[in-house]
Amino acid sequence: MLQEKYALQLMESEKPEQLYKYLFNELPENKAYYQKSINQTINAVIDHLETRTTPYSGATVEQISERFSRLPAEYQEGNSLQIVLEELKELYLNDAVSFHNKKYVAHLNCPILIPTLAAEVIISAINTSMDTWDQSAGGTFIELKLIEWTLDKIGYPQAADGVFTSGGTQSNMMGLLLARDHFIHNNYAVDPNLDGLPAEATKFRIFCSEVSHFSLKKNAALLGLGQRSVVPVPVNDKYQMDPDALEEAIIKEKSLGNIPIAVVGTAGTTDFSSIDPLSEIAGLAERYQLWFHVDAAYGGGLILSDKHKEKLKGIELSDSATIDYHKTFFQPVSSSGFFMRDKSYINYIKYHADYLNSKEQEEEGIPNMVKKSIQTTRRFDALKLWVSLRTMGTQRLGQYIDDMIDLAQRTSLMLRNRGKFEVLNHPEISAIVFRYIPLPNTKVDVCALNTYIRKAMFDEGKALIASTKVDDQVYLKFTLLNPVTELSDMQEIVEHIERHGHNYFRNN
Ligand SMILES: Cc1ncc(COP(=O)(O)O)c(C=O)c1O
C-alpha cells in the first residue's frame, strides 16, 4: 500500500511543470491565460479589419500553397499564441475572403452581427452539446424557444416542431428523409428505420424546380433513392416552378409506373432568388398525396420583414421546411433550422440509446434533443440567434432584409440601364444573374468573356462576384446580403466588370 502511494507520488512529480496550463478551467493561471489569449485574438481580428480594405487580397493558389509547403511536417510545443497568431496572419488572415466587405457580392455569405460573436465566445468556452438534457440543461430551452418562435413565424400549427442543424443541406436531407419514411409507413408493411427500403423505392420520385439546390439530388442519393429520383420541373420566365408543368410531370411519372412521393418548393433559389408559387404547389401536393417540403434556406429571412413576408405565403401549408439562419439572419456559419408540421413525424427516425436518451427518460419527459437530430454531438448554435434577437429585436433585422432587397432591385435596374448587360432576372430577394455583352453582334465568345471577367475580378480582389451557368451559358451573379452596401458601391463594382471586359476585348 505504502509502495503504491510512493509510486503515485513519483508519477506526479515526473509531470513537467504547467503540463495542464492549456486546459480551460477555473485555476487562476489558466483563467489568466484564457483571458490573455482571447484578448490577443480579438486584436488580431481588429488588425484584419483595419488592414484589409478589399474583399480579397488577390493572392493566387500557388502563392498560398507555397507558404504551407514551407511548414514543418510535425507540430512541436514552443510557440506562444502571439507567435501563432502572427503566423496565422501570413497563412490565412491576410488573404481570408471578407464577407463583411461592402464589395463582397458573390455567394450566399452574409455579414454577421456583433452580438453573435459575443455568443460565440460563450459557445466555444462552455462547449455545451445539444444532444441531451444532461449535457445542455438551459441551452435546450434556449433552442426550444427559438424553434417555437420560428414555427410561429412560419405559421405552422401547435403540433409542429423543429431542430437546429448544420446547414440547409442537412435540413433538406431531414425533409426528404421524413418524406420518404412517411410514404413508406403509409403504403408498405415495412419499417424503413428497421428494415431499410422496400423494393419499390427505386421508383420513388421527388419533384422540384429545375433551378432548385443541388443538395436535393445529393440527399436523394444518400437516402438510397438515387439522383434520378429527383425530377426537375420547368420554370417560368421568373425562374419559379410552373405548377402546370409540375402537374404534367407528376402525371407523366405515374404513367411510367413511377411513384411520386414528394415535392419541394424553393423560397429563394440559389442563383435567381426566385420563390416558387408555394400555395399552388401545396394544392397539388394535397391532390396527389405528396409530402411538401419548402427549401427556404435563402428566403427564410423574409419572415422578419413586414414588407416582404407575404412572398412566403404558402410555406405554412408545407409538411416541412428549411431555414438557414446563416444566410439571411446575419448569423455566422453554422446556424440553420429544420421544421416540421407535426412533431410525431420524427418518430420515423427514432432511436433510443441507453447511455444518452433512454426510453425511460422519454417517458419522464426529459427533453433530449438528440431524438430530433441526425447529429449526435451538436453545437449550441442557437445561442448566437438568441443573443442577436435579445439584443436587437426582430424589427431592426427586418429592416436589414428590406434594405438588402431594395438595393438588389435598384442594382438590377442600374445594370439594365447601362446598356452593356443582359440581365436575366429582376430579383425577388437579392440575387441577380447577368452577363456582359457590350456589342451584341461581335463574334467574341461571350462565355469566355464572362469567365475571364469573374476570374479577373477575383485575382484583383477589389470586388468579388460569382458566376453560374444558365442553359450552358456562363453568366455573372450578384448575391446581395449586405445592407451596408450602397448603390454607389454597386456602380463601382459594375465599372470594374466593364474595365475587365474591355481588357478582354483589347487582348483577344
Ligand atoms: C436554396 C438553397 N438550399 C440549400 C442550400 C444549402 O445550404 P447550406 O450551404 O447551408 O448547406 C443552399 C446554399 O446555398 C441554397 O441556396
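Helix α16 (residues 446–460) and helix α17 cross at roughly 120 degrees, and their axes come within 9 Å. Helices are DSSP runs of H or I with at least four residues, strands are E runs with at least two, and both are numbered from the N terminus. Axes are lines fitted to C-alpha atoms, for helices over the stretch in contact, and angles run from 0 to 180 degrees between N-to-C directions. The model is predicted, with local features requiring pLDDT of at least 70 and side-chain atom pairs pLDDT 80 or more, whereas totals for chains, interfaces and linings use all residues. Residues are numbered from 1 along each chain as its sequence is written, and side-chain values use heavy atoms, with hydrogens and water left out.

α16 and α17 are therefore oblique to each other; angles under 35 degrees count as roughly parallel, over 145 as roughly antiparallel, 65 to 115 as roughly perpendicular and the rest as oblique. On the α16 side, the contact (heavy atoms within 4.5 Å) is made by Ala-448, Leu-449, Tyr-452, Ile-453, Ala-456, Met-457 and Glu-460. The α17 side contributes Ile-493, His-496, Ile-497, Arg-499, His-500, Gly-501, Asn-503, Tyr-504 and Phe-505. By class, the residues of the contact of α16 with α17 comprise 10 nonpolar, four polar and two charged. Ala, Val, Leu, Ile, Met, Phe, Trp, Tyr, Cys and Pro count as nonpolar, Asp, Glu, Lys and Arg as charged, and the others, Gly among them, as polar.

Helix α17 (residues 487–507) also packs with helix α15 (residues 382–418), at an angle of about 40 degrees and with the axes 10 Å apart. α15 and α17 are therefore oblique to each other, and α15 passes α17 in a right-handed crossing. Leu-407, Arg-410, Thr-411, Met-414, Leu-415 and Arg-418 of α15 meet Leu-487, Met-490, Gln-491, Val-494, Glu-495 and Glu-498 of α17. The contact of α15 with α17 has six nonpolar, two polar and four charged residues.

A further helix pair is formed by α8 (residues 168–187) and α10 (residues 215–222), which pack at an angle of about 55 degrees with their axes 9 Å apart. That makes α8 oblique to α10. The crossing of α8 and α10 is right-handed. Thr-169, Asn-172, Met-173 and Leu-176 of α8 make the contact with Ser-215, Leu-216, Asn-219, Ala-220 and Leu-222 of α10. Five of the residues in the contact of α8 with α10 are nonpolar, four are polar and none is charged.

Thr-169 is also among the residues at the ligand. The ligand is surrounded by 13 residues (a heavy atom within 4 Å), and the closest are Gly-168, Thr-169, Thr-270, Asp-295 and His-326. A polar side-chain atom of Thr-169 lies 2.6 Å from an oxygen atom of the ligand, and one of Thr-270 lies 2.8 Å from an oxygen atom of the ligand. For Asp-295, a polar side-chain atom lies 2.7 Å from a nitrogen atom of the ligand.

Phe-330 has a positive phi of about 60 degrees although it is not a glycine. The peptide bond from Val-333 to Ser-334 is cis, with omega near -5 degrees.

Note on methods:
Left-handed = near helix turned anticlockwise from the far one by under 90°. Polar contact = N/O pair within 3.5 Å; in protein donor to acceptor, adjacent residues only side chain to side chain.
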